[in-house]
Amino acid sequence: PQIKISKRTTMAEEIEIEAKPEITKAVVRGDLPCVRKITEAAAAISHDEKIKTINHARKWVERSPAYESEANPAGAAEWFDVTPLTAAAMRGHDGIAEYLLRQGADPTLKGCPRDDIELPNE
């Protein structure tokens, strides 16, 4: 599900943000049992679903005249938040980071965190 926020900021006039994935919320809380449960549920569906789950970074789209160009007449910029692995490393949850790496998390994926790294204690 997406959350549509219409507000004026210095850059964006409208922002659409996906909901934070449950695995990322569990990582932020430092809840390894929950991270395992989510990972195992995804693995029960398929290996690809597991990899997609542990590497997921929510997406948001900003629309602003500042982004408008001939190639981008809508003035939209697409951004991705941090992955669960990055969130674990940023929060110092080494056990979760090691678990995610053993499960196949990709340490080379990069994100652009919202609001200079949005990791609320959810």
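Predicted model: local features only at pLDDT ≥ 70, side-chain atom pairs only at ≥ 80, totals over all residues.
Local features require pLDDT of at least 70 and side-chain atom pairs count only at pLDDT 80 or more, whereas totals for chains, interfaces and linings use all residues. Residues are numbered from 1 along each chain as its sequence is written, and side-chain values use heavy atoms, leaving out hydrogens and water.

**Exercise 1.** Determine which residues of helix 2 are buried and what covers them.

*Solution.* Step 1: helices are DSSP runs of H or I with at least four residues, numbered from the N terminus; helix 2 comprises residues 32-45. Step 2: buried means under 20% relative accessible area, exposed over 50%, and partly exposed in between (1.4 Å probe, protein chains only). By this criterion L32, V35, T39 and A42 are buried. Step 3: viewed down the axis of helix 2, the buried residues fall within an arc of 95 degrees (taken from the directions from the helix axis to the C-beta atoms), so they line one face. Step 4: the face turned away from the buried side carries the exposed residues P33, K37, E40, A44 and I45. Step 5: the cover over the buried residues includes helix 1 (22-29), helix 3 (47-54) and helix 5 (94-103).

**Exercise 2.** Describe the surroundings of N55.

*Solution.* Step 1: N55 lies in the loop between helix 3 and strand 3 (59-63), strands being DSSP E runs of at least two residues. Step 2: N55 counts as buried because its relative accessibility is 14%. Step 3: leaving aside residues up to four places away in sequence, N55 touches T83, P84, G104, A105, D106 and L109, contact meaning heavy atoms within 4.5 Å. Step 4: the N55 side chain reaches the backbone oxygen of I51 at 3.1 Å.

Note on methods:
Expected span 1.5 Å × (residues − 1). Polar contact = N/O pair within 3.5 Å; in protein donor to acceptor, adjacent residues only side chain to side chain.
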